[in-house]
Amino acid sequence: MTRPELRALTSVRGVAAWMVVLYHIRLTIDGLPSFWLHVFAKGYLAVDFFFLLSGFVIWLSWGDRLRSEGLRAVPVFLHKRVARIWPLHLFVLAGAVMLALALALAGRHDPTEFPFRELPLHIFLLQNWGFTYALTWNDPAWSISCELAAYLLFPLLVRAVDWRTLPTWLVVAATAAFLLVLAAATAHLPTLGHNIVHFGIVRCLTEFAAGSALCALWLRWRAAPRVPAVLAFTLAGAMLTGWAAGLPEQLAIPFAFAALLLGLALTSGMRANPLDWAPLHYLGEISYATYLSHFMLFVVFKLAFVSDAHAVPPMLIALYLAMVLASSIALYHLVERPAQKWVNALRVPSAKRDDEALTA
């Protein structure tokens, strides 16, 4: 059975991916007003929304099937998730390896940025499981490494808890508990973005689990969404206001994003929803390519066009952003989707299942 696509969530995923792009280039933009510098400086938090959204979507797609079919569905699930995340990751990483080799031939190789001894960990998306001490190669792929861990543990979550059988108050309490665990585990950090190599996986697993519970709430409330949507948006606004007033980021942001995600899901498809706008939705569809490719593209861009990496003129920044968009489109249509279909086709015909709608 094909699941519904929540177009608003796809669109927001695109916005979040571009916030990560702007986060990574913010310090290089010459003359960027301080307000926007501070806004873009929080772009790393978009990853927390990704993790929540991933748990939501994976539960929607696979929760019932893994519970009803048991162990026999687990290989199919993992096969499909690997097909979704690994081919494009490997393609971008191969480009990074070629760049590192070229720099080595030119005598400009930086072993702290491109450590060949760590390359096997990156190939198999194990780099952020506590085996390394810094982000290297294609930095944004750390979150994909954590996503792989979440996928491997997801069947255990499904077997451990059936959100459908629990009272609503308990599902809400479980959602809050996951996020409170995250807040407690990272309370000593200045922000959620610090010490990613050790705490990034904590962010992913707790928010992924919370996202699965949010999906269960959406499934209960989607028939009469207005009141819970208002409550969700109110909570999101309250948490963001609290954050601005000094509430710790580790507490405020995950709760705000969880409430925002639930509100967006409940209002997705409502009449005149601006997030249904086709171009915005398309940005969401190509967002994985945007997210994975933009960092290495900026490395190459600076080598080719930039003499002062701390004062890049706005026109060159505009050129780079246009290149990110163009490369995202090309990678999505020429690499990501064909490779995903090819890997999916390797499984036996009896295992076929429609997983072509919204993916995390």
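Thr 267 counts as buried, because its relative accessibility is 13% (buried is under 20% relative accessible area, exposed over 50%, partly exposed in between, with a 1.4 Å probe and protein chains only). This is a predicted model, where local features need pLDDT of at least 70 and side-chain atom pairs pLDDT 80 or more, while totals for chains, interfaces and linings use all residues. Residues are numbered from 1 along each chain as its sequence is written, and side-chain values use heavy atoms, without hydrogens and water.

**Exercise 1.** Work out what surrounds Thr 267.

*Solution.* Start with the helix: Thr 267 sits in α10, residues 249-267. Next, follow its side chain, which reaches the backbone oxygen of Gly 263 at 2.9 Å and that of Leu 264 at 3.3 Å. Now skip neighbours within four places in sequence: Thr 267 then touches Ala 229, Phe 233 and Asn 273 (contact means heavy atoms within 4.5 Å).

**Exercise 2.** Check the length of helix α13 against its number of residues.

*Solution.* Take its 31 residues, 314-344, at 1.5 Å a residue; that should span 45 Å (1.5 Å times one less than the number of residues). The end C-alpha atoms are 42 Å apart, which agrees. Then look along the helix: α13 bends by about 45° at Tyr 332 (the angle between axes fitted to the seven residues ending there and the seven starting there).

**Exercise 3.** Describe the overall make-up of the protein.

*Solution.* Finish with burial: 53% of the 360 residues are buried.

Note on methods: Helices (H or I, at least four residues) and strands (E, at least two) are DSSP runs, numbered from the N terminus. A polar contact is a pair of N or O atoms within 3.5 Å; within protein, one must be able to donate a hydrogen and the other to accept it, and residues adjacent in sequence count only if both atoms are side-chain atoms.
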